[in-house]
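The tour moves from one selection to the next and says what is found at each stop.

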Amino acid sequence: MSTARAMAFPPDTHAWSHATGMALRGRVLIVEDERDIREALAEALAYEGSDVTVAANGREALRTLGDGPLPDVILLDLVMPEMSGWEFRQVQARDPALAGIPVVVVSASDPGTARPDRHLPKPFAIDALFDAVAELVSH
């Protein structure tokens, strides 16, 4: 385990499902260019019961979505190389198969025109992420 992951998710704070009595069911696509953050989020969500897929930028996310199955929710960074989160959201909105997938923007940047279902400014509490995913997956 890398130091970044150990610091981000110490074992004694990794108990959202135990505290809430809920597991995070559903498929989650994480779109994040920072490898340590992407891996840490994937590990935490998988630990809590989610089926997780990852992509390093918007273009890779679109390829992943094209290969299916579609996720129940997308976690999206905004500032990424190749295709930003804002550009990804424009493409997503135009595609009827993708437009209805809820998005949680996880970025210090103002989402503005990305118009996510939820915005978690970095840094955020992991429980806030779990709550947002649980709420959006259940709809």
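**A helix pair to begin with**

Select helix α3 (residues 35–47) together with helix α6 (residues 126–137), which pack at an angle of about 60° with their axes 11 Å apart; axes here are lines fitted to C-alpha atoms, for helices over the stretch in contact, and angles run from 0 to 180 degrees between N-to-C directions. That angle makes α3 oblique to α6, given that angles under 35 degrees count as roughly parallel, over 145 as roughly antiparallel, 65 to 115 as roughly perpendicular and the rest as oblique. In the viewer, α3 passes α6 in a right-handed crossing, where right-handed means that the near helix is turned clockwise from the far one by less than a right angle, and left-handed that it is turned anticlockwise.

Before going on, note that this is a predicted model, in which local features need pLDDT of at least 70 and side-chain atom pairs count only at pLDDT 80 or more, while totals for chains, interfaces and linings use all residues. Residues are numbered from 1 along each chain as its sequence is written, and side-chain values use heavy atoms, with hydrogens and water left out.

Now show side chains: Leu41, Ala44 and Leu45 of α3 meet Ile126, Leu129, Phe130 and Val133 of α6, contact meaning heavy atoms within 4.5 Å. Sorted by class, this contact of α3 with α6 has 7 nonpolar, no polar and no charged residues (Ala, Val, Leu, Ile, Met, Phe, Trp, Tyr, Cys and Pro count as nonpolar, Asp, Glu, Lys and Arg as charged, and the others, Gly among them, as polar). Stay on Ala44 in helix α3, which at 0% relative accessibility counts as buried (buried is under 20% relative accessible area, exposed over 50%, and partly exposed in between, with a 1.4 Å probe and protein chains only). A C-alpha to C-alpha distance drawn from Ala44 to Phe130 reads 9.1 Å, although the two are 86 residues apart in sequence.

**The sheet**

Next, colour the strands: 5 of them form an open sheet in the order β2-β1-β3-β4-β5, with parallel pairing, and two strands pair if DSSP finds at least two bridges between them. Helices (H or I, at least four residues) and strands (E, at least two) are DSSP runs, numbered from the N terminus. At the edges stand β2 and β5 (118–120), each with a single partner strand, so one side of each is left without a neighbour in the sheet. From one strand to the next, the twist averages 20°.

Select strand β1 (residues 27–31), where 4 of the 5 residues are buried, so that β1 is largely enclosed by the rest of the structure. Its pairing with strand β2 (residues 51–55) is parallel and extends over 5 bridges, and within it Ile30 stands opposite Val54 in β2.

Move to strand β3 (residues 73–76), which runs parallel to strand β4 (residues 103–106) and is joined to it by 3 bridges; here Ile74 stands opposite Val103 in β4.

**Loops worth a stop**

Which residues does Asp77 contact, leaving aside its neighbours within four places in sequence? Centre on Asp77, in the loop between β3 and α5, and the list is Val31, Glu32, Asp33, Gly85, Val106, Ser107 and Lys122. At 5% relative accessibility, Asp77 counts as buried.

Glu82 is placed in that loop between β3 and α5 as well, but at 55% relative accessibility Glu82 counts as exposed. Most residues other than glycine have a negative phi, and most peptide bonds are trans. The phi of Glu82, however, is positive, near 70°. Another positive value, near 45°, belongs to Arg115, which is placed in the loop between β4 and β5 and is exposed, with a relative accessible area of 67%.

For the last stops, select Gly68 and Pro69, which are joined by a cis peptide bond with omega about -5°; Pro69 lies in the loop between α4 (58–67) and β3. Then go to the peptide bond from Lys122 to Pro123, which is cis with omega near -10°, Pro123 being placed in the loop between β5 and α6.
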